[in-house]
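Hi,

Here is the structure I promised to pass on.

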Amino acid sequence: MTQPETVGSHHAAAPHNLLRSALDLARDALLLSNPNPRVGCVLSEASGKVIGSGHTQQAGGPHAEVMALRHARMEGFNTRGCTAFVTLEPCSHHGRTPPCCDALIEAGVARVVIATLDPNPLVAGKGVERLRATGMDVEVLPADSPEAVQARELNIGFFSRMVRGTPWVRLKSAMSLDGTTALNNGASQWITGEAARTDGHAWRARACAVLTGIGTVREDDPMLDVRLVETPRQPHLVIVDSRLETLPTARLFGKTTPQRRIFIYCAVDNAERRAALEARGAVVVHMPGTPTTTESKVDLAAMLSDLGRREVNELHVEAGHGLHGSLIREGLVDEFLVYLAPQLLGPGKGMANLAPLSQLQDGVQLAFGPVSQVGNDLRIPARVAGRDAFLRA
C-alpha cells in the first residue's frame, strides 16, 4: 500500500496537503481500478496526525475509504472522531461492494473533506446527504480548486461515461516530423523509438479497452495487449470489422482471458463466421449503420454508446488512417496522443484519411497539453476544443 504521508506525521495545512496525498494514492489505482474510478483516501486525527491511507482496488475489491480504515486499524489507531480526506464523493449505494458511506459512519468518522462530487447518478450528491444526515461535518471543495480539477482529470473516462454515456476516446498515433505514419508499402515499425513505444503501452494500460480496425488486424496480426510495462490487468480489445473478416487464428486471441474480452463490431452478420469467432471467446456485436448513412459500415457512434454500457471509461485507439479518419469525421475523438519522431520519411500514409478542406476554419480545433520528450521523440497531447466541457459542468 502506498503511503504518501507517513502514518503518525502531522500537517498544519491539512485539507490541501492531505487531499494532495490522497490524489497521489488515487494515481496508484490508475492501472488497477477500472471500471471503477481512481480514488484515494487519507485519515487523520484532529491534531493532523495521519492514521491511515488507501486507494481503490480492483473491481469488486475494497474502495479507498475501506482500505484507509483497514490500514488505520491495522496500525492500532482508533478511527472514531477522525477526518477522512477523499478525492471523490463516497458512494451511497450497493454496487459490487457495500456503500462507503456506511463504512465511514460505522467507523465513527467525524468529518469528511471531498475533492469533487461523484457524477454517477446513483451517487451524485446522495453520498454527501447521507453523511450529513448523521450529523457528520462534510466539506466539498470548490469545483475550480486545484485538487478538485485533478480528481476529475484523473477520472476523465469515468466522468465521460457517467455524464455522456460514452468513453473518453483517445487516439494514439506515431509519426515522422513530416506527418508520415507508414510508408506507401505499409512499413511502419518502428517510426518512434523504444522509450516512446513503452510510454504508449503505459497509456494502453490505463485504458479500459484498446480499439483497432480490421485493416490493422489483417496487415499486422497484432496482439494489442500491454507488454512493455507491468500492469495488474489487461484492457479489453475492440475491433471494428464491418464484414466479420477477423480470422479465428489471429494472434490477438492468444490473449483472451475472463478479464480481457474481445469485442468485434460488425455491420454485415455471418452466422458461420460469428460462431467461429465466438468459439474463440469473442463477443460479436451486429451494429450496422442506418439507411441514411451506410448500412455496410459499423455505426461508430452507437458502438461508443454500447461500450459505455459495457463500462468502458477510456478507449485507446490504435488503428489505421481509414478508421482514424472515420472517427474524426464523425466527431467521436476527444483527444489525440501523438508521438513525433525526429526524422523525415516523405510520401506515405498520414494520421487520418480526411477529405480536403476549402476553408481553414473548418479544421478540427485542438488545445495542446504539456509536450514531453520521451527518448528521442516528442509526446504531444491535444484535446479537441470543448470536448472536456463535462468536467466543468
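**A buried pair and its network**

D388 and R383 are both buried (under 20% relative accessible area with a 1.4 Å probe, protein chains only; over 50% is exposed, and in between is partly exposed). They also form a salt bridge, with the closest N and O atoms 3.0 Å apart; that term stands for a side-chain nitrogen of Lys or Arg within 4 Å of a carboxyl oxygen of Asp or Glu. Salt bridges with shared partners link R38, E153, R170, R206, E314, E335, R383, D388 and R392 into one network.

Before you go further: this is a predicted model, where local features need pLDDT of at least 70 and side-chain atom pairs count only at pLDDT 80 or more, while totals for chains, interfaces and linings use all residues. Residues are numbered from 1 along each chain as its sequence is written, and side-chain values use heavy atoms, leaving out hydrogens and water.

**Where the domains meet**

The chain splits into domain 1 (15-155) and domain 2 (165-355 + 363-391), with bounds from an automatic or database domain assignment. Their centres, taken over C-alpha atoms, are 33 Å apart. How much area is buried between domain 1 and domain 2? About 1,000 Å², with carbon and sulfur atoms giving 46% of that (this is the accessible area, 1.4 Å probe, that two parts lose on being put together, summed over both). On the domain 1 side, L31, N34 and E153 lose the most area to domain 2, together 50% of what that side buries.

The rule finds two salt bridges across this interface. R38 and E314 also pair through their side chains, at 2.9 Å from N to O.

**Other salt bridges**

The structure holds 25 salt bridges. One of them joins D24 and R27, whose closest N and O atoms are 2.9 Å apart. These two sit three residues apart in helix α1 (residues 14-28), so about one helical turn separates them; helices here are DSSP runs (H or I, at least four residues), strands likewise (E, at least two), numbered from the N terminus. D24 is partly exposed at 38% relative accessibility, and R27 is partly exposed at 36%.

**A histidine to look at**

H63 lies in the loop between β2 (50-55) and α2 (64-74). Is H63 buried or exposed? H63 counts as buried because its relative accessibility is 18%. Leaving aside residues up to four places away in sequence, H63 touches N36, H55, T56, C91, T97 and C100 (heavy atoms within 4.5 Å).

Cheers
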